[in-house]
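Good morning, and thank you for coming. I would like to take you through one structure, beginning with a pair of helices and then turning to single residues. Please keep the sequence and the model in view as I speak.

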Amino acid sequence: MAPRKYKMKARANAVADTRRRIAEATLELHAEQGVAATSWEQIAQRAGVGVGTVYRHFRDLDELLPACGELTFEKLALPGPETFDGARDRAERLARLTEALFALYARGAAELRNIREESELHPVLRQARTDVDRAILALVKAAVPDVPESVPLVRALTDLGTWQSLQRSGVSDPAGRIAGTLERAVADLAGRSEN
């Protein structure tokens with residue numbers, strides 16, 4: 001009886017490995033060329049399987065994109081409120097916010113770009129965009145709870161597009177520079193609201 005259980009477990013592991021390999025290949029292609037431009041043939045070739053195997057594991061995007069989403073969110077590891085544990089003041093919260101978001105962008109810029117730019121292609125992408133946007137906005141709000149009117153400014157200056165622009169421009173210590181800029185801007189807004 002034991003050999004049959006072993007074979008069933010080995011088969012289940014092989015199926016899981018193949019599914020993961022297909023999802024990983026899909027994510028690589030999405031990062032390189034986008035979701036809409038990726039074909040099932042390209043996925044099969046990248047995963048080292050036949051197109052039929054891809055279809056056997058994932059009949060359509062409704063099955064494939066959620067599997068890709070799981071891997072994407074593993075990779076992104078969205079920062080949460082623990083980012084600010086032990087922070088002494090607003091300046092430290094803004095520094096931690098900027099570091100956490102810029103590290104997120106460094107890990108997953110391509111995936112985040114696809115989630116944003118192709119969110120209307122599929123409900124899974126639309127939901128992923130909503131989830132990412134909510135998580136980032138909650139983090140921004142937690143960084144400046146004493147100056148809520150600064151949230152749009154802080155959100156804009158810690159955005160993926162800002163990070164990409166800083167990377168292209170070769171700015172050294174972009175997180176530190178943005179954190180310093182944010183601290184001055186938020187302090188200015190706080191001072192104005194007190195008057």
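This is a predicted model: local features need pLDDT of at least 70, side-chain atom pairs count only at pLDDT 80 or more; totals for chains, interfaces and linings use all residues.

**Two helices in contact**

Let us start with the residues that meet. Arg-90, Arg-93, Leu-94, Leu-97, Leu-101, Leu-104, Tyr-105, Leu-112, Ile-115 and Arg-116 in H5 meet Leu-125, Ala-128, Arg-129, Val-132, Ile-136, Leu-139, Val-140, Ala-142 and Ala-143 in H6. Contact here means heavy atoms within 4.5 Å. The residues of this contact between H5 and H6 divide into 15 nonpolar, no polar and 4 charged. In this count, Ala, Val, Leu, Ile, Met, Phe, Trp, Tyr, Cys and Pro are nonpolar, Asp, Glu, Lys and Arg are charged, and the others, Gly among them, are polar.

Residues are numbered from 1 along each chain as its sequence is written, and side-chain values use heavy atoms, with hydrogens and water left out. The helices (H or I, at least four residues) and strands (E, at least two) are DSSP runs, numbered from the N terminus.

How do the axes of H5 and H6 cross? Helix H5 covers residues 90–117 and helix H6 residues 123–143; their axes come within 10 Å and cross at roughly 170 degrees. That makes H5 roughly antiparallel to H6. The axes are lines fitted to C-alpha atoms, for helices over the stretch in contact, and the angles run from 0 to 180 degrees between N-to-C directions. Angles under 35 degrees count as roughly parallel, over 145 as roughly antiparallel, 65 to 115 as roughly perpendicular and the rest as oblique.

Is Glu-111 buried or exposed? At 10% relative accessibility, Glu-111 counts as buried. Buried means under 20% relative accessible area, exposed over 50%, and partly exposed in between (1.4 Å probe, protein chains only). Not counting residues up to four places away in sequence, Glu-111 touches Thr-72 and Lys-75.

An α-helix has 3.6 residues a turn, so residues three or four places apart point the same way. In helix H2, residues 40–47, the residues Trp-40, Ile-43, Ala-44 and Ala-47 are buried. They cover an arc of only 95 degrees around the axis, which puts them on the same side of H2. The arc is that of the directions from the helix axis to the C-beta atoms. Just after H2, Gly-48 takes a positive phi of about 75 degrees.

At the start of H8, a side-chain oxygen of Asp-159 reaches to within 3.1 Å of the backbone nitrogen of Gly-161. Just after H8, Gly-170 takes a positive phi of about 70 degrees.

Ala-77, in the loop between helix H4 (61–76) and H5, has a phi near 45 degrees. Asp-173, in the loop between H8 and helix H9 (174–194), has a positive phi of about 50 degrees.

Finally, Arg-21 is placed in helix H1 and is partly exposed, with a relative accessible area of 37%. Leaving aside its neighbours within four places in sequence, Arg-21 is in contact with Ala-47, Gly-48 and Val-49. The C-alpha atoms of Arg-21 and Val-49, 28 residues apart along the chain, are separated by 9.3 Å.

Notes:
A polar contact is a pair of N or O atoms within 3.5 Å; within protein, one must be able to donate a hydrogen and the other to accept it, and residues adjacent in sequence count only if both atoms are side-chain atoms.
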